[in-house]
Amino acid sequence: MQPPLLLDLRRVSVPRRLAKISVQVPTGSLIHIIGPNGAGKSTLLACIAGLMASAGDVSLLGRPVGQWHGADLALRRGYLCQQALPSTAMPVFQYLMLHQPRNADEAAIDRTVAYLAAALSLADKLDRPLSQLSGGEWQRVRLAAVFLQIWPDVNPLGRLLLLDEPAASLDIAQRVALDALLAEVAAAGLGVLICAHDLNHTLHHAGHVWLMSSGALAAQGSAGQVMRPEILSPVFGVDFTLLQAGERPWLVASGPSLPSQRMISGAS
């Protein structure tokens with residue numbers, strides 16, 4: 001039995017950015033959107049979030065995104081754009097409170113903030129002004145805020161999480177913590193869409209992959225189906241080799257052989 005449909009995209013396009021993309025997303029999906037710079041990943045995510053005008057149809061829970069009232073849409077989907085600098089000196093806890101769902105139980109909010117702060121190593125930074133955070137700290141605060149917006153314990157209406165390069169500025173331990181939170185959200189039945197650049201991370205963690213090229217969907221499927229050298233190499237313009245190390249496969253990128261080597265060596 002197929003999971004219920006969360007998102008339905010039909011011929012979604014943006015002039016010079018997206019070319020008539022049609023795809024569906026069931027509930028509980030963990031999807032990585034990959035592709036070279038300029039492939040249209042961020043544009044597609046913004047269209048799904050309802051923050052960029054597009055031709056075609058984007059439906060969330062069977063209703064066009066453009067027909068959702070802004071406050072109701074915010075209760076159903078959280079969206080994290082690419083990293084931006086903080087524009088205020090308010091403390092971290094106040095910034096988080098700006099993202100709490102309306103009418104949420106205060107005790108549940110306190111528990112969830114404590115849980116997210118501990119998971120993202122922010123517990124000792126809740127009183128710190130945003131202007132005094134490092135780049136990695138600010139990114140973790142932004143992640144905590146968007147998780148709080150749709151976290152099931154405080155917002156039972158939350159259905160979708162859209163993240164554009166969420167691992168930017170995170171170290172390895174923080175990325176592991178992020179992966180655990182994403183898995184928890186997906187297991188709770190929410191859909192998660194992530195624009196990503198680390199291909200091996202996608203190979204190991206994505207449940208489903210959308211490969212984009214020049215504004216179009218070049219391939220989609222499971223990580224095992226899409227993350228293959230013969231599919232990735234034409235899109236990224238480099239040669240890939242799939243190697244086995246321990247119990248995991250790894251993608252290794254390399255440039256094509258250089259024909260000029262024979263001239264340098266003096267061979268005829």
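In this predicted model, helix 5 and helix 6 are roughly parallel to each other, because angles under 35 degrees count as roughly parallel and these two helices pack at an angle of about 10°, with their axes 12 Å apart. From helix 5, the residues Arg140, Leu143, Phe147 and Ile150 make the contact, and they meet Gln174, Leu178, Leu181, Leu182 and Val185 of helix 6. Sorted by class, this contact holds 7 nonpolar residues, 1 polar residue and 1 charged residue.

Helix 6 also packs against helix 4, where the axes come within 9 Å and cross at roughly 140°. Helix 4 and helix 6 are therefore oblique to each other. In this second contact, Tyr115, Leu116 and Ala119 of helix 4 meet Ala177, Leu181 and Glu184 of helix 6, and the residues divide into 5 nonpolar, no polar and 1 charged.

| Helix pair | Angle between axes | Distance between axes |
|---|---|---|
| Helix 4 (residues 106-119) and helix 6 (residues 172-187) | roughly 140° | within 9 Å |
| Helix 5 (residues 135-150) and helix 6 | about 10° | 12 Å |

An open sheet is formed by 6 strands in the order 6-7-8-3-9-10, and their pairing is mixed. Strand 6 (77-80) and strand 10 (216-221) are the edge strands, each of which pairs on one side only, while the twist from one strand to the next averages 15°. Strand 6 runs parallel to strand 7 (residues 160-164), to which it is joined by 4 bridges, and Leu80 has Leu163 in strand 7 as its bridge partner.

Which strands does helix 1 lie across? Helix 1 (residues 41-49) lies across strand 3 (30-34), strand 6, strand 7, strand 8 (191-195) and strand 9 (208-213), and it runs at about 150° to strand 7. Helix 9 (residues 229-236), for its part, lies across strand 3, strand 9 and strand 10, running at about 30° to strand 9. The buried residues of helix 9 are Pro229, Leu232, Ser233 and Val235. After helix 9 comes Gly237, which has a positive phi, near 75°.

Note on methods:
Residues numbered from 1 in each chain as written. Predicted model: local features only at pLDDT ≥ 70, side-chain atom pairs only at ≥ 80, totals over all residues. Heavy atoms only, no water. Axes fitted to C-alpha atoms, helices over the stretch in contact; angles between N-to-C directions. Parallel < 35°, antiparallel > 145°, perpendicular 65-115°, else oblique. Contact = heavy atoms within 4.5 Å. Nonpolar A, V, L, I, M, F, W, Y, C, P; charged D, E, K, R; others polar. Pairing = 2+ DSSP bridges. Buried < 20%, exposed > 50% of the residue type's maximum accessible area, 1.4 Å probe, protein only.
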